[in-house]
Amino acid sequence: MASSFSDFISFIIIIIITVSFLPNALCRPSLTSSLPHSQIIDVSKSIQNTLQVLSLNIKSLQQQEAIQQQQQQPLYSSSSSSSLLSSSALSISIYPRSSLVKPQHTDYTSLTLSRLARDSARVSSLNAMLQLSPTNFTYSHLKSVRTMSGPEEFQTPLISGTSQGSGEYFARLGIGEPAKEFYMVIDTGSDINWLQCEPCDVCYQQTDPIFNPSDSSTYNQVPCNSPVCAALELSGCYTDTCMYQVSYGDGSFTEGELATETVSFGDSGSFPNVAIGCGHDNEGLFTGSAGLIGLGRGSLSLPSQVKATSFSYCLVDRDSDSSSTLEFNSAGPSDSVFAPLLRNSRRDAFFYIGLEGISVGGEMLQVPASIFQVDDNGRGGIIVDSGTAVTRLQSSAYSALRDTFVKYAQNLPSAGEFELFDTCFDLSSMSTANVPTVAFHFSGGRTLPLQAQNIVVPVDSSGKYCLAFAPTDESMSIIGNVQQQGIRVSYDLSNNLVGFSPDKC
């Protein structure tokens, strides 16, 4: 009996000791010891890139493409990724805007400011698209496309004189038969493919000549009663021709007639009867490109129309003159870090991913996982977007990331703020610098540590670098293309997965 009482007292003592230490244990930040806690950024090289982009002589991209075709890297293949393979792998080149349109800036600071202004417009556009569903979003009636007495004088390549910079990336796509190639913006946040067409009511300047439907033997207008016309969120009818209109929420828009056309992917293949908007009135922030390739999840996006089971891209440094590829139906790299693709019934076009948390310097941020989840009203969640530059996080998550980053970046001299960046550093005295690692932790237990150039970016040519994340008061978070640079991003549409593989451009 005495022994039993003694055992009971010992048990109570153990419980008390355990409970007394439990609060401290709960307050300790969880560490991810297997990750690199810091990354090295080559300061000298990135500053050199900021100078190069301002003095860049526009190269003959046709020459670049010829060289790339001769040295074409094989499409990715792996026995572990065989589900992504198709009998028809397609590939086209991707370029940053700086290799197509020379920035009209005297210094890198003004270029950065214009990029950030354009990026803010992009984010506003995405949030407007999410908030204004087709059921409650109305436009004034679609304007009829006016027949012009003669085409606009856009028959020779034009270089934009706009003062706006951009974080957009362009792909080279063939349109019509015989095929003519055009530089078009790639956009994972859009479903509709479109390009500027003659005759122009209002057309912005683009590098290529404006597409003339009469030059193609496979151009066909879509009739109003077509199922393709019915698939548009906003459509109208003019002399039995289906009319489309797309607004991007930042004031940019395109409208014209919906048509079907042959689309060519360089030497890797072509598809007939792809629905594409032939825009006669196009206004906004598209300057330089001929139009837009919609890579979203809707039925009229390019991947959906060519029946792609997968697609992938790798975005090169925006300040470089190099290029990479946009590929359809090729296997993703075998070392990809996969995250689940999720759906939001309110906006089915966006690529939502399962994100459980973020770590900085090996320390998990103390933010609830619900911040990155879509609620029953379609709010929240986090998307991957090719058109947004800077990753936006809900304010509480951003504050946790920033404060933890500063804690582990004591070796970096502070340099105040810059536009939307509130955390900047003076690296002018360094040739290289160690920056804390930021890592995304996806549902399913996979982790993607970002490289240094995905974490801090130069904002001038004097060595001022800023943490390349920003807060948002909106419910939706966005993983932007600064955080995607240098990473092959693979969308496995059949299995609802997105993979990330660094250094696969």
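Predicted model: local features only at pLDDT ≥ 70, side-chain atom pairs only at ≥ 80, totals over all residues.
Local features require pLDDT of at least 70 and side-chain atom pairs pLDDT 80 or more, while totals for chains, interfaces and linings use all residues. Residues are numbered from 1 along each chain as its sequence is written, and side-chain values use heavy atoms, with hydrogens and water left out.

Select Leu 326 and Phe 405 to begin. These residues have the most contacts inside the largest nonpolar core, which has 78 residues; such a core is a set of buried Ala, Val, Leu, Ile, Met, Phe, Trp, Tyr and Cys residues joined through side-chain atoms within 4.5 Å. Buried denotes under 20% relative accessible area, exposed over 50%, and partly exposed in between (1.4 Å probe, protein chains only). Helix H7 (residues 395-408) supplies the largest share of this core, five residues; helices (H or I, at least four residues) and strands (E, at least two) are DSSP runs numbered from the N terminus.

Next, select Asp 119 and Arg 392, whose side chains form a salt bridge at 2.7 Å, N to O. The term denotes a Lys or Arg side-chain nitrogen within 4 Å of an Asp or Glu carboxyl oxygen. Asp 119 belongs to helix H4 (residues 108-131) and Arg 392 to strand E19 (residues 391-394), so the pair ties together parts 273 residues apart in sequence. Asp 119 is buried at 4% relative accessibility, as is Arg 392 at 5%.

Then select Arg 122 and Asp 187, a salt bridge with closest N and O atoms 2.6 Å apart. Arg 122 is in helix H4 and Asp 187 in strand E4 (residues 180-187).
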